[in-house]
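Student: Hey, I'm new to this one. Can you walk me through it once it's on screen?

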Amino acid sequence: MSTIDPTPTRPALASFRPAARRVIGAEESLVREELLRPDQSLPLVIRPAVAGLDPLAWARGNREMVEARLRRHGAVLFRGFPIATAEAFHAFVEAVVGELMEYRERSSPRHEEGDRVYTSTDHPADQRIFPHNEHSYARRFPLKLFFCCLVPAEEGGQTPIADTRRIFDRVDPAVRERFAENGWMYVRNFGDGFGLPWQTVFQTSVPEEVEAYCERNSIQCEWKPGNRLRTRQVRPATAVHPRTGETTWFNHATFFHVSTLPEDMSRGLLADFAEEDLPNNTYYGDGSPIEPETVEALRAAYRAESVLFDWERGDVLLVDNMLASHAREPFRGARKVLVAMADPYEREDL
């Protein structure tokens, strides 16, 4: 199940007007850097400055530079590079960062378009997907996400991004302290006709393999009648980035909270299910409810920091998964945006 921002308010769409440029050392004759707007530090835009630039050769030769820009800005938009297919996208990701990750412990409906290249989401076009950091609920998560626009929507369909360092700063210190003491708990129920089945999430139909995965990944699992499953996992709400040393707001506590759904959907689920049987819900790590005003304040923090831009065909967006959240706006018409994950990191190493 997706979580969808229940409020129609959104930040104004950033028009693409280069606000600042700087050269890239010895590569200044090959690419140029630009900001979408002077008041927004992300995404940094990198464009070819010469015709016929080989994106794979350039990426392989400039990994350290890209990494440095990513750590500073949190997201880098490669625009104007000839990336037109899933295969070309896969090759570009490998050139930038190396091996791609498989999508495990799934939460969003996706299908594979190539080797470890997936649709960004298969949720209906009219749904707004709330900001989140990929797999922040998991023990193992990608440090890097790549999005590639093969077909831009006729209208809407942006992928809002937000700096999680700035979101952290917006969260009330008392709220930060409460989460620091307890963490947050993600409760998930499978088999009641909502959301992904546990067989898809865990990529197996063998209950014993699910139990083994849960044990390895600090997840409590409970089998219910009818081959149904309930899981609980407690994670920290913040994380220190392993390469920048900065504290980030890194969790799904807002995303999966039942109140983040549209009001009619939230009300319907609460009428049909006992709270402990909801498809997805979140709590403080000790199991106590998160206050409605706290969840709304957290939603407001994400909305205040969200930056939008229109996709162009061939765009590749590289996101540091700890430094920036991502989302999706509703759209009209055809839209095809792919995603790949890379640079796996273990929570115990933070």
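Student: Okay, how many helices and strands are there in the chain?
Tutor: The chain has nine helices and 20 strands. Keep in mind that this is a predicted model.

Student: And what share of the residues is buried?
Tutor: Of the 350 residues in the chain, 55% are buried.

Student: Let's look at a sheet. In what order do S7, S10 and S18 come?
Tutor: The order is S7-S18-S10, in an open sheet with antiparallel pairing. Strands S7 (129–132) and S10 (161–163) are at the edges with a single partner strand each, so one side of each has no neighbour in the sheet. From one strand to the next, the twist averages 15 degrees.

Student: How many bridges join S7 to S18?
Tutor: Two bridges join them, and S18 covers residues 324–328. Ile 129, for instance, has Arg 328 in S18 as its bridge partner.

Student: Which helix lies across those strands?
Tutor: That's H9, residues 292–305, which lies across S7, S10 and S18. H9 runs at about 105 degrees to S10.

Student: Switching to charges: how many salt bridges does a search of the whole structure find?
Tutor: The search finds 32. One of them involves H9's Glu 305, whose side chain meets that of Arg 170 at 2.5 Å, N to O.

Student: Where does Arg 170 lie?
Tutor: Arg 170 is in helix H4 (residues 164–170) and Glu 305 is in H9, so the pair ties together parts 135 residues apart in sequence.

Student: Is Glu 305 buried or exposed?
Tutor: Glu 305 is buried, with a relative accessible area of 8%, whereas Arg 170 is partly exposed at 47%.

Student: What about Glu 291, which residue does it form a salt bridge with?
Tutor: With Arg 178, and the closest N and O atoms are 3.4 Å apart. Glu 291 sits in the loop between strand S16 (280–284) and H9, while Arg 178 is in helix H5 (residues 173–182), so this pair ties together parts 113 residues apart in sequence.

Student: Now Glu 67 and Arg 71: how many residues apart are they in H2?
Tutor: Four, which means about one helical turn separates them in H2, residues 63–73. Glu 67 counts as buried at 17% relative accessibility, and Arg 71 as partly exposed at 32%.

Student: Last one: which side chain does Arg 188 make a polar contact with?
Tutor: The side chain of Tyr 186, at 3.3 Å. Arg 188 is in strand S11 (residues 184–190) and counts as buried at 6% relative accessibility.

Definitions and conventions:
Residues numbered from 1 in each chain as written. Predicted model: local features only at pLDDT ≥ 70, side-chain atom pairs only at ≥ 80, totals over all residues. Heavy atoms only, no water. Pairing = 2+ DSSP bridges. Axes fitted to C-alpha atoms, helices over the stretch in contact; angles between N-to-C directions. Contact = heavy atoms within 4.5 Å. Buried < 20%, exposed > 50% of the residue type's maximum accessible area, 1.4 Å probe, protein only. Polar contact = N/O pair within 3.5 Å; in protein donor to acceptor, adjacent residues only side chain to side chain. Salt bridge = Lys/Arg side-chain N within 4 Å of Asp/Glu carboxyl O.
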